Each structure stands twice: as C-alpha cells, then as structure tokens.
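Subject: Structure handover and notes

Hello,

Here is the structure for your files. My notes follow below it.

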Amino acid sequence: MTTDPSSPLTELLRLPAGPVNLTDLDPAGTPGFRGKKADAPAATEALAPELSDLQERLYAVGRTTEDRAPKILVVLQGMDTSGKGGAIRHAIGLVDPQGVRIKAFKAPTDEELEHDFLWRIEREVPGPGMIGIFDRSHYEDVLVVRVNGLVPEKVWQSRYDEINAFEQRLVDDGTVIIKCFLHISSAEQKERLLARLEDPSKHWKYNPGDVDVRGQWDDYQAAYADALGRCSTQHAPWYVIPSDRKWYRSWAVAQLLAEHLRTLDLEWPVADFDVEVEKARVAGS
Ligand code: AMP
Ligand code: MG
C-alpha cells in the first residue's frame with residue numbers, strides 16, 4: 001500500500017488565483033491518491049507517527065523560542081455536512097491534542113457584533129508552536145453574511161481585501177495558513193442530511209434550518225466562488241478538497257498538514273543548560 005500522493009497535494013489541490021467556477025471542480029475526485037478506497041483509512045493512519053513527531057517539534061520550538069516560533073492555522077470551510085467535524089476527528093486527531101486549539105465560529109454574539117468582523121477572529125489565532133483549527137472562520141463574513149444580506153453589499157465587498165491583508169499580517173508574523181474548502185455536491189449533501197435523519201444518534205447534528213440553507217445552494221456556491229477566487233493569494237492560497245468521499249477528504253487534510261509541517265524544517269531545540277552537568281546533578285540527587 002502506498003501512502004504518498006502521486007504529487008504534493010499543495011500542488012494538486014491549490015487553487016490558482018483568479019475567477020473560480022466551482023462546477024469545474026469535481027467534488028468526487030481523488031487527486032493524488034494512488035491506492036484503493038479500502039486503503040485510505042490505513043494511509044491516513046500511517047501519517048500519524050510523522051505528524052505527531054512534527055507537531056511535537058513545533059510545540060517544543062514554541063516553548064523555547066516563543067515569538068519567533070512558527071504557528072499553523074488550518075481554516076475549514078464548507079457547506080453543512082461537508083465534513084469539517086470529520087476532518088478534525090480523523091486528520092487533526094492524529095496529533096497530540098495539547099498542541100492543538102480548535103475554535104468553532106457560530107453566529108456572532110451581541111458583543112462580537114459590536115466590533116469589526118475580524119475582532120473575534122484575531123483573538124483565536126494560534127500562538128507560537130500551536131496548531132489552530134478554525135471550524136468556520138472569518139470567511140463566514142463573506143458567505144452567510146453576503147447570502148443573507150446581513151450587512152450592506154458595500155460592507156461585505158470590502159472584506160475580501162481586508163481578509164487578504166489580515167492573512168498577510170498573520171503570515172508576516174510566522175503563521176502558515178492552510179485554508180481548506182471541503183467541496184461537496186448538492187446530491188451528496190442531500191444523502192448526508194437524510195442519513196442524519198435516519199439515525200437517531202445523528203439527530204443532534206441535524207438542524208431544520210439546514211434545509212433552508214440548502215435552498216440557497218446556488219447563492220452559497222457563488223459566494224464561495226468569489227471568496228475562494230478573491231482570497232486565494234500567494235501567501236495564503238485556498239486548497240479545494242473534493243469531499244464527496246469522506247475517506248479522501250480525511251486523507252487529504254492530513255496529507256496537507258504533513259506537507260506544510262515538513263517545509264518548516266523543525267529541529268529539536270538545543271538545551272540551554274549543560275547536559276553533562278545536569279546528568280551528574282541528577283545522578284547525585
Ligand atoms: P454549525 O457550524 O453547523 O454549528 O453552524 C454554525 C452557524 O453559525 C452556521 O449557520 C453559520 O452560518 C453561522 N455563522 C458562523 N459565522 C457567522 C457569521 N459571521 N455571521 C453569521 N452567521 C455565522
Ligand atoms: Mg450544522
């Protein structure tokens with residue numbers, strides 16, 4: 001069984017800058033995966049030792065070099081049932097939870113609404129050595145907010161540039177941003193919503209409002225196309241993860257995380273004490 005992609009997913013799934021037509025992107029594709037479906041869970045699991053080693057190095061660097069240490073921010077966006085939770089469980093779940101901070105963004109509170117849309121986001125960005133996971137994000141402010149007209153168009157139109165500038169600041173501060181759009185088809189979403197209704201253990205995940213959002217499918221696809229196209233920058237590109245197949249989605253997110261961590265060339269921090277002296281002290285204690 002092979003676990004490596006045929007080419008890096010940072011190349012295969014990276015969305016080029018410019019206008020996007022989501023209907024050109026196959027939600028059921030499996031770019032870069034060379035095995036059979038049955039191999040996928042093992043291929044994902046096989047990344048665990050390396051991911052966990054890299055994450056521990058990142059954390060260690062964060063504990064020792066503080067502000068100069070890199071940070072990772074994974075942004076997960078997608079329609080209801082696209083598998084944001086599944087990606088967290090199966091891909092992010094491969095690393096030590098102590099080095100990960102997950103934040104799910106819901107509809108803003110009254111307090112949050114009194115501030116600029118990035119206010120609540122800035123407070124949750126990962127610190128040195130940490131992996132931050134955003135389950136929804138600042139992109140909701142050009143998605144649900146745009147589709148439902150929650151602010152005037154002039155306001156949301158200016159947000160694409162504000163988002164790009166905000167992300168540039170994070171990158172300048174040493175954050176690696178991995179933006180994943182979990183791309184599902186309308187037919188697959190219907191299946192998944194029905195599956196939630198069929199299974200009492202999934203009723204808690206179902207929200208009657210999801211059907212209303214589903215009714216706005218085309219508006220959301222248009223809003224996503226703009227968000228992806230206008231915010232897939234050199235410093236923080238979007239990755240489009242075909243997500244109709246759950247096994248591919250989990251493998252791809254884990255693989256993307258591994259590829260980004262590898263590029264950091266993380267070395268174990270060198271002791272700032274004399275190891276031999278300390279050995280002698282412990283031995284004699
Ligand atoms: P869920 O992820 O299913 O728990 O749902 C969270 C809900 O919060 C979704 O309906 C989002 O559209 C909504 N939400 C998240 N961010 C915002 C935002 N900035 N403005 C309005 N609604 C939001
Ligand atoms: Mg939901």
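First, a cut-off. Buried means under 20% relative accessible area, exposed means over 50%, and partly exposed is in between. Asp-96 has a relative accessibility of 33%, so Asp-96 counts as partly exposed. One caution before the rest: this is a predicted model.

**Asp-96**

Asp-96 sits in the loop between helix 4 (84–90) and strand 2 (100–104). The side chain of Asp-96 reaches the backbone nitrogen of Gln-98 at 2.9 Å. Asp-53 is 43 residues away from Asp-96 along the chain. The C-alpha atoms of Asp-53 and Asp-96 are 9.5 Å apart.

**Helix 9**

Helix 9 covers residues 159–172, which is 14 residues. From first C-alpha to last, helix 9 reaches 20 Å. That is close to the 20 Å expected at 1.5 Å a residue.

Which residues of helix 9 are buried? They are Arg-159, Tyr-160, Ile-163, Asn-164, Phe-166, Glu-167 and Leu-170. Viewed down the axis of helix 9, these buried residues fall within an arc of 165°, so they line one face of the helix.

The buried residues of helix 9 have several packing partners. Among the strands are strand 1 (71–78) and strand 4 (175–183). Among the helices are helix 6 (119–122), helix 7 (144–147), helix 8 (153–157) and helix 12 (217–231).

The face turned away from the buried side of helix 9 carries the exposed residues Asp-161 and Asp-172. Asp-172 has a relative accessibility of 60%, so Asp-172 counts as exposed. The C-alpha atoms of Asp-172 and His-235 are separated by 9.1 Å. Along the chain, Asp-172 and His-235 are 63 residues apart. Gly-174 follows helix 9 and has a positive phi, near 95°.

**Aromatic rings**

How many aromatic pairs does the structure hold? There are eight.

Tyr-139 and Trp-238 form an edge-to-face pair. Their ring centres are 4.8 Å apart, with 70° between the planes. Tyr-139 lies in the loop between strand 3 (131–135) and helix 7, and Trp-238 lies in strand 5 (residues 238–242), so the pair ties together parts that are 99 residues apart in sequence. Tyr-139 is buried, at 0% relative accessibility. Trp-238 is buried too, with a relative accessible area of 1%.

Phe-181 and Tyr-224 make a tilted pair, because their planes are at 35°. The ring centres of Phe-181 and Tyr-224 are 4.6 Å apart. This pair also links distant parts of the chain. Phe-181 is in strand 4 and Tyr-224 is in helix 12, 43 residues apart. Both Phe-181 and Tyr-224 are buried.

Ring pairs link Phe-33, Trp-247, Tyr-248 and Trp-251 into it.

The charged end of Lys-103 sits over the ring of Phe-105, 5.6 Å from the ring centre. The charged end of Arg-123 sits over the ring of Trp-119, 4.2 Å from the ring centre.

**Ser-185**

Where does Ser-185 lie? Ser-185 is in the loop between strand 4 and helix 10 (186–198). The side chain of Ser-185 reaches the backbone nitrogen of Glu-188 at 3.1 Å. Leaving aside residues up to four places away in sequence, Ser-185 touches Pro-27, Trp-217 and Asp-244.

Most residues other than glycine have a negative phi. Here are two residues to check against that.

Thr-81 has a positive phi, near 70°. Thr-81 is found in the loop between strand 1 and helix 4. With a relative accessible area of 8%, Thr-81 is buried.

Asp-265 also has a positive phi, near 45°. Asp-265 is placed in the loop between helix 13 (246–263) and helix 14 (275–283). Is Asp-265 buried or exposed? At 61% relative accessibility, Asp-265 counts as exposed.

Best wishes

How values were computed
Residues numbered from 1 in each chain as written. Chains lettered and ligands numbered in written order. Predicted model: local features only at pLDDT ≥ 70, side-chain atom pairs only at ≥ 80, totals over all residues. Heavy atoms only, no water. Helix = DSSP H or I, 4+ residues; strand = E, 2+ residues; numbered from the N terminus. Expected span 1.5 Å × (residues − 1). Buried < 20%, exposed > 50% of the residue type's maximum accessible area, 1.4 Å probe, protein only. Arc of directions from axis to C-beta. Contact = heavy atoms within 4.5 Å. Phe/Tyr/Trp six-rings, centres within 6.5 Å; stacked < 30°, edge-to-face > 60°. Lys NZ or Arg CZ within 6 Å of the ring centre and 35° of its normal. Polar contact = N/O pair within 3.5 Å; in protein donor to acceptor, adjacent residues only side chain to side chain.
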